[in-house]
Structure formats: structure tokens, C-alpha cells
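These are my notebook entries on a structure that I looked up. I begin with strands and then turn to the core.

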Amino acid sequence: MLKSLPDKKKIITFILENAVSVFLIGFIIFMVFTKRSFSTWDNIVNIINESSIYGIAACAMTVVIISGEFDLSASSVFGWSTVLFTMCCNTIGVLGAFVVTILCGALFGAFNGYLVAKVKMPAFVVTLGTMIAIKGLAFVVTKAQPINTDNATLKAIGRIHVGDISIIPMVYVAVAVLFIWFLRNTKFGRDIYATGGNYEVARLSGINVVFSKFIVFTMLGAAAALAAAMYGVRIKAGWAPYGQDLSLYCIAATIIGGTSLLGGNGGVHKTIIGVLLLAVLFNALTLLGVSGSMQKFVRGLVLITVIMLDAIVAKRRKDR
Amino acid sequence: MKKTCLVVLMLVLVLSVVVAGGKKEAAPGGKKIFMSSAYYTAPYGAPLQEAVREKAKELGYSVQIVDGEENADKQLSQFKAAVADGYDALIYWPGDQASTPPLVEYLNSTKLPWVAVNTVVADSVLDLVPCMIASDEVEIGRWLGRNIVQYFKENPGSSKNMIYIEGSPGSSYTENVTIGLNEVLGGTDVNILNDHQYAQYDPSKAMAIMEDMLTKYGNRIDVVVAQDGGMFQGAYSAIQAAGYAGKFGLFCQGQDLIVRDKLLDGELYASVAQDPFTEGALSVEMLDKIIRGEAVDKWVPTPTGPIWAADIDQYSWF
């Protein structure tokens with residue numbers, strides 16, 4: 001009896017600290033027994049594909065959030081990049097389209113990073129402004145028209161599959177692994193945690209906090225552009241309003257995964273769980289026959305629940 | 001502990017909502033229709049989707065309608081999930097034309113009966129759609145133009161200046177209505193004062209645009225045209241607040257209750273019909289025919305035409 005009490009406490013602590021993963025596993029088990037179609041291979045592939053495009057940007061958003069900032073303009077960089085990628089596919093070819101799109105995304109990110117890190121403007125104001133400006137630019141360039149492409153190489157890339165898995169999840173996995181390695185194994189990755197944890201202490205410790213903040217925005221710009229290029233591979237079209245929910249999706253996936261909005265902790269591996277949870281949830285709600293309006297309500301409830309869990313875990317850690 | 005209990009309660013709530021929500025629309029036994037609606041929350045979407053539900057029920061189908069959120073990638077995933085779940089027929093309401101080819105190709109690859117509704121797909125894949133149920137958007141624009149020409153015949157003045165408020169840039173509806181309007185007005189001396197002003201079907205944005213137009217042009221304006229009833233309501237509020245009510249000829253397209261009231265009041269000169277109930281019901285009727293192996297037209301137009309105050313009883317209003 002005496003021995004079982006600490007065990008129980010340990011289990012509760014474990015469940016609370018890994019609540020999202022526990023909820024995800026529980027939900028998957030619930031779905032497997034409730035809906036046979038959920039565990040079919042076609043549906044699993046669909047969930048993987050669905051989570052991959054936004055997942056690429058979510059990895060980079062996590063790094064920005066770890067550094068203590070966030071970026072609202074990723075949606076517009078995505079929308080603009082779908083336009084640029086499609087236009088480039090129609091003119092200079094697919095390889096050039098990838099290079100130009102990612103460089104341009106990085107440039108937009110660098111602009112945000114410069115204003116936030118160097119000029120010390122609040123990220124909310126800067127990225128709100130660039131969000132509106134970049135979307136406006138995309139509307140002007142396209143005269144507000146959606147454009148599509150018949151590029152044969154792009155279609156061929158879209159047809160590449162390994163065991164039913166398209167190229168997009170492979171890119172997502174590569175990006176996620178790269179970010180995980182970068183954050184865990186490089187000094188620069190650790191600098192980002194330090195910058196987000198306590199900016200002033202990090203600065204006094206000799207960390208180049210300005211560069212840390214600058215580079216995370218640049219990486220997010222490039223990742224949002226890469227995600228847009230993957231969207232182009234899948235949908236073969238570009239339009240300014242595409243991806244308008246990207247920023248909030250990425251922030252939600254990051255928080256659900258367990259990375260604190262306050263910065264300094266968390267990780268891309270956690271965000272992968274958050275992205276997966278959202279994808280499984282969206283898919284499950286559709287399979288369960290839940291109407292569109294109710295789906296939004298449930299998604300909101302899940303977000304609130306996870307944030308509450310996060311607050312409880314943070315309080316328990318503080319009390320210990 | 002209280003917080004932990006609260007979280008557990010929230011989780012239970014989520015699961016119960018999921019299960020209850022799912023049970024609500026499930027109807028085992030009968031054939032199942034799945035619809036992905038890009039404009040699920042748009043004012044026009046609600047009555048269209050309601051008509052789909054009613055007609056499907058009438059014909060013995062169960063139906064699930066989900067929000068595509070104007071995101072082609074999301075709609076593709078939704079259709080894939082529906083196919084995996086064994087739905088028997090599909091209804092596709094696209095968000096924009098450019099992104100439709102991959103979805104049309106996928107829907108055809110499923111070999112399931114399907115129809116597209118409202119937003120016309122890209123020209124390159126139009127022939128691949130088994131049945132497109134949509135209004136002739138260009139014709140709606142032409143009717144707006146004809147109504148304006150008639151207004152100026154009945155109310156001749158020294159000028160024929162017009163303010164034109166459009167919907168969303170890039171949407172086929174917005175573009176095609178403008179094409180039809182310009183087709184009719186092109187040969188007349190009606191002068192559109194403003195460059196493209198997009199209110200994105202948002203009454204408050206239409207109100208802000210109209211306020212700016214009133215500040216800039218004031219008494220020089222003769223007529224105001226909005227592409228739908230919601231934007232008309234916003235523009236009308238601005239006109240009323242600035243003390244210009246009754247001074248301009250007002251036009252819009254739409255069959256919502258605000259339009260109906262303004263037609264009855266005589267404040268709106270005319271509207272143009274595009275009936276979401278008919279469109280939604282037609283989409284299920286055509287799908288039903290395809291399921292039963294009957295031939296259907298490639299294009300089934302939703303009826304359109306002018307609505308005058310005297311005719312309002314002939315139309316459905318939402």
C-alpha cells in the first residue's frame with residue numbers, strides 16, 4: 001500500500017506530462033474500434049499526406065516559438081509562395097521554381113527577423129504588417145486571379161510514390177529530422193532555447209541573441225515557402241488566399257504538442273505529435289460523420305483542453 | 001485536483017460531442033452522400049447545404065457535409081477520407097477554379113457517382129465533370145446590367161455614374177458577374193466611378209467601401225450596385241447614415257430576407273435571382289439520377305433572372 005502511492009503519483013505525473021501523446025493513442029484506439037475505415041491503409045496514407053504540408057511550416061514555427069516569438073505572416077508567405085512557385089513552373093521550370101520560391105520565402109522571413117531582432121519591434125506588429133503586405137503583393141501580381149500549371153515535371157514529381165506515400169511526407173520527415181538535429185545537437189540550437197528562456201541572461205552570457213532571433217524568422221520564411229512548393233506539387237495551383245489558416249494551425253500544433261508560447265522549452269518532436277493529433281482529429285471527425293460546424297467546435301475544445309493541461313503540468317513542476 | 005477534473009471533463013465532453021455529432025447524421029442501411037463545401041459558412045452556403053440535406057432525406061439518402069474552408073488540399077483529404085469510409089456518392093463545391101483539376105481527376109478515379117456545384121471548375125477539366133450544377137454567372141451580371149439600363153430609362157438625368165462593389169477577387173462568381181455586367185454596360189454611357197472594390201461578401205467591408213465612395217463622390221453618384229445581398233446591406237447602411245437614402249438607384253443580386261425587405265420598401269430597384277435552395281436540391285437530384293444510371297446533362301443551370309417587388313412571392317427567401 002505504502003509503495004503503491006508513489007507509483008500512482010508517478011503514473012498521474014507521466015500521464016499529465018505526456019497528455020497529448022496519451023490522448024492521441026487513446027483516441028486512435030477509440031477510432032480503431034469505432035470505425036473500421038479509420039485503420040485502412042488508404043486512410044492512414046491520407047492522414048500522413050494531410051498532415052505533411054502544414055507540418056513542414058509547423059516545424060519552423062516551433063523554433064520561432066522556442067525563441068520566444070511567433071509569426072503571423074507565415075500564412076501570407078505561403079499564399080505568395082504558391083503564386084510564385086506556380087508562375088516559375090510556367091516560366092523557368094520546376095528546379096528554378098523551388099530555388100526562387102524558397103529564397104524569396106527566406107527573404108521575407110529575414111525581413112521580419114531584421115525588424116524584430118535588430119530594430120526591436122514587437123513580432124505581433126511586424127508580422128501582422130507583413131502578413132497584410134505580402135498578401136496584397138500576391139493579389140497585385142496575379143491581379144487577384146488564381147493560376148495553375150500544367151508543368152510535366154511537376155506532375156511527374158507529384159506521381160512519385162514509395163509504397164503509396166507521396167514525396168510530400170518524405171520532405172516533411174526530412175525537414176523534421178533536420179530541425180530536431182539542429183535544435184538538439186548544435187550550439188546554435190541551444191542558443192535559441194537560451195534566447196527564448198531568458199533573453200537578457202542569454203545576451204549577458206555572450207550568446208548572439210539578435211542573430212538567433214533573426215535566423216529563426218528566416219528559417220520559418222523558407223519553410224513556409226517549401227510547404228507552399230509542396231502544395232504546388234499536390235494541387236498544381238497558386239492563389240493569394242491559399243494557406244490563410246497556416247499560421248494559426250502551426251501555432252496550435254506547436255502548443256498542442258507541448259511547446260510553451262513563452263519560449264525556452266519544447267521541441268519539434270513534440271510538434272510532430274501536435275500535427276498528427278490535429279490530422280487524426282480532422283480525419284476522425286469526418287469519418288464519424290460530424291458536421292462542419294460541429295468540427296470547428298470540437299477542434300476549439302481540444303485546443304482549450306490541451307492548453308489547460310499544459311498549465312496544470314507547468315504548475316505541478318513549479319510546485320515541486 | 002479541481003483543474004485535473006476539469007480537464008478530464010473536457011476530454012469526456014470532446015468525445016461525447018464527437019460520438020453524438022457523428023450519430024446524428026449517420027443512417028446505416030441507405031446510401032450515403034458526402035459533400036465537401038468550400039463555402040460552408042458563407043451566407044449562400046447555409047441554405048444550399050440545407051436544401052442538399054432536405055432533398056437527400058426526401059430521396060432516401062443520408063448525407064454528411066463538411067467545411068472545405070476554401071482549401072483544395074483539405075477538400076482532397078476529406079474526399080479521400082470519405083472514399084475510405086465507403087460513401088456511395090460525392091458532391092464537390094470548389095473554392096476556386098484553378099485548384100480544381102487535381103480534385104476532378106481524383107473524383108473521377110474513385111469511379112463513384114459525383115457532381116460539382118456552384119463554383120464552375122477550370123475549363124481544362126470541365127468536360128470531365130459528370131454534371132455541373134451552377135448558375136450562369138455571366139448571365140447574372142448581364143441581368144444586373146439590364147436592370148441598370150432600365151433604371152436610367154425610367155429615371156433619366158444628366159449623368160449615369162455608378163459605384164460597383166464586388167465580392168472576392170479571383171472567385172469565378174465575382175469575375176463572371178463583372179464580365180456580364182460590363183458586356184451590357186459597355187455599349188452605354190453608364191460610367192463606373194470606382195476601380196475594383198472587393199468587399200469579400202462582408203457587409204462591414206462593403207459599408208466601409210461605400211463610406212469612402214460617398215466621401216469621394218457624394219452627389220455625383222447615381223446608382224450603387226453590390227454583387228450580393230449582404231454587401232448591399234452594408235452599402236445601404238452607409239448610404240442611410242450619410243443621409244443619401246432614396247437618392248440613388250440601388251441594385252444587387254440575391255434572395256436573402258434583407259433583399260426581400262428592401263425590394264418591398266422600394267429602396268432596392270431590383271435584384272437578380274440565384275436560388276441556393278434550387279441549386280442544392282438540383283445537385284442531389286442529378287446525383288440521384290447518376291446513381292440510378294440515368295443520363296444527365298453535363299451542365300444543369302440554376303435558373304436566374306430579374307426579381308421585382310411585384311414578383312417576390314414567386315421566389316424562395318433565406
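I took helices (H or I, at least four residues) and strands (E, at least two) as DSSP runs, numbered from the N terminus. I counted two strands as paired if DSSP finds at least two bridges between them.

The model is predicted, so I noted that local features need pLDDT of at least 70, that side-chain atom pairs count only at pLDDT 80 or more, and that totals for chains, interfaces and linings use all residues. Residues are numbered from 1 along each chain as its sequence is written, and chains are lettered from A and ligands numbered from 1 in the order in which they are written.

**Entry 1: the sheet.** In chain B I found an open sheet of six strands with mixed pairing, in the order β7-β6-β8-β9-β10-β12. Its edge strands, β7 (191–192) and β12 (304–307), each pair on one side only. Strands β9 (249–253) and β10 (270–274) of chain B run parallel over three bridges, and F251(B) stands opposite A270(B) of β10(B).

**Entry 2: the core.** I defined a nonpolar core as buried Ala, Val, Leu, Ile, Met, Phe, Trp, Tyr and Cys residues joined through C-beta atoms within 7 Å. A residue is buried if 20 or more other C-beta atoms lie within 10 Å of its own, exposed if 12 or fewer, and partly exposed in between, with C-beta atoms placed from the backbone. The largest such core has 196 residues, and A224(A) is among those with the most contacts inside it. Helix α11 (209–235) of chain A gives the largest share, 18 residues.

**Entry 3: an exposed residue.** K187(A) lies in helix α9 (187–197) of chain A. K187(A) counts as exposed because it has 7 C-beta neighbours inside 10 Å.
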